[in-house]
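I opened this model today to look at its packing. My notes follow in the order I looked things up.

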Amino acid sequence: MNHNTFDINNLVRKNVRALRPYSSARDEYVSDGSQMVFLDANENPFETGVNRYPDPQQRNLKGALATNKGVSAHQILLGNGSDEVLDLLFRAFCEPKEDHIITLPPTYGMYHVLAGINNVENNKILLTQDFEPNVPEILKLANEKTKLLFLCSPNNPTANSFNNHLVKELLENFKGLVVVDEAYIDFSKEESWISKLDQYPNLVVTQTLSKAFGMAGVRLGICYASNEIINVLNKIKAPYNVNELSQKRALERILDVNAVNKEISDILLERERLSKVLGELNFVEKVYDSDANFILVKVDNATNRYKQLLENGIVVRNRTSEPLCENTLRFTVGTKEENKKLIRVLQQITTA
Ligand SMILES: *Cc1c(COP(=O)(O)O)cnc(C)c1O
């Protein structure tokens with residue numbers, strides 16, 4: 001793609017282009033820290049810690065993320081989990097019944113569900129046998145109606161990161177937005193694509209606090225993109241989409257860099273230990289390399305093994321019905337104690 005001619009307005013839905021967003025009371029007045037009397041938003045004035053509307057632009061949280069990631073706060077949009085962020089991309093760029101997206105199964109199931117909810121056709125191009133994007137097929141299929149291409153890297157459930165050269169080729173040649181879902185990037189050896197935002201106007205990177213940051217219950221998803229793309233998404237997001245409690249807890253956690261890093265390195269050590277043990281079990285046919293906090297394993301009979309684990313109090317994910325994933329199970333890496341129990345049960349069912 002000739003990036004000099006890239007104009008985000010050519011991708012935005014007509015109604016969104018024309019839209020004037022709702023302006024909330026707290027959009028119009030931003031505190032400069034001085035003591036004010038707030039009689040603008042019909043709130044209950046009695047203090048509970050949460051009686052005021054939250055900051056619709058989540059400035060504190062974005063400020064901390066911008067510093068950590070080396071981007072501008074204007075390149076960030078926050079949502080109620082990545083799922084909201086991904087949904088906003090559909091709603092901003094995909095005309096129902098007209099536009100399409102491309103996904104690369106086996107991958108995260110929400111892209112297909114969101115396509116269905118938004119009445120947008122999902123064109124699937126299977127990953128290659130080594131779980132890489134099939135670039136020629138993707139580019140052959142794409143046309144001016146193909147607004148979004150979802151690349152999940154590290155990919156769920158295969159656990160590998162995509163080859164950087166292939167991602168680059170897609171960024172340079174796909175004419176819609178390339179959404180790189182980096183839910184597992186904090187476990188990866190690879191660098192985030194965030195550092196390439198200024199190079200690729202069609203790049204959107206999503207991250208989440210649900211995995212490495214240990215905050216799945218807080219529901220905080222993050223979108224990094226050009227300021228132009230972020231402005232479009234801001235137009236259509238609900239004004240108070242990230243609640244006050246989530247903003248507070250997320251900020252505390254983001255600032256606690258050492259604690260997060262310690263947990264990540266513990267999980268990575270456990271991942272290596274668990275991968276090795278899994279490879280030694282006689283019903284295991286293959287342990288795939290992992291660049292995330294889970295391990296994909298090919299076994300003799302995934303459905304039977306899944307049931308045996310359940311009977312022993314362990315829940316894993318059976319991926320056998322996914323393309324290229326016949327007889328695979330996906331194991332999330334737990335704590336040392338949890339993994340010990342898993343290993344004990346696995347050894348027990350081996351001999352049973
Ligand atoms: C877990 C996961 C997410 C996280 O979604 P949230 O809504 O932020 O919890 C996003 N993408 C992928 C590929 C995931 O596996």
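Predicted model: local features only at pLDDT ≥ 70, side-chain atom pairs only at ≥ 80, totals over all residues.

Next I listed the contacts of Leu149. Leaving out residues up to four places away in sequence, Leu149 touches Ile102, Leu104, Ile138, Leu170, Phe174, Leu177, Val178 and Val179.

I moved on to helix H7 (residues 164–173). Its buried residues are Leu166, Val167, Leu170 and Leu171. They span an arc of only 140 degrees around the axis, so they sit on the same side of H7. An α-helix has 3.6 residues a turn, so residues three or four places apart point the same way. I asked what the buried residues of H7 pack against. My list reads H6, strand E4 (146–152), strand E5 (177–181) and strand E6 (203–208). At the start of H7, a side-chain oxygen of Asn163 comes to within 2.7 Å of the backbone nitrogen of His165.

Last, I looked up Ile125. I placed it in the loop between strand E3 (121–124) and helix H6 (135–141). Is Ile125 buried or exposed? Ile125 counts as buried, because its relative accessibility is 10%, and the cut-off for buried is under 20%. Pro105 is 20 residues from Ile125 in sequence, yet their C-alpha atoms are 6.7 Å apart. Beyond four places in sequence, Ile125 touches several residues, among them Pro105, Asn134, Glu137 and Leu141.

How values were computed
Residues numbered from 1 in each chain as written. Heavy atoms only, no water. Contact = heavy atoms within 4.5 Å. Helix = DSSP H or I, 4+ residues; strand = E, 2+ residues; numbered from the N terminus. Buried < 20%, exposed > 50% of the residue type's maximum accessible area, 1.4 Å probe, protein only. Arc of directions from axis to C-beta. Polar contact = N/O pair within 3.5 Å; in protein donor to acceptor, adjacent residues only side chain to side chain.
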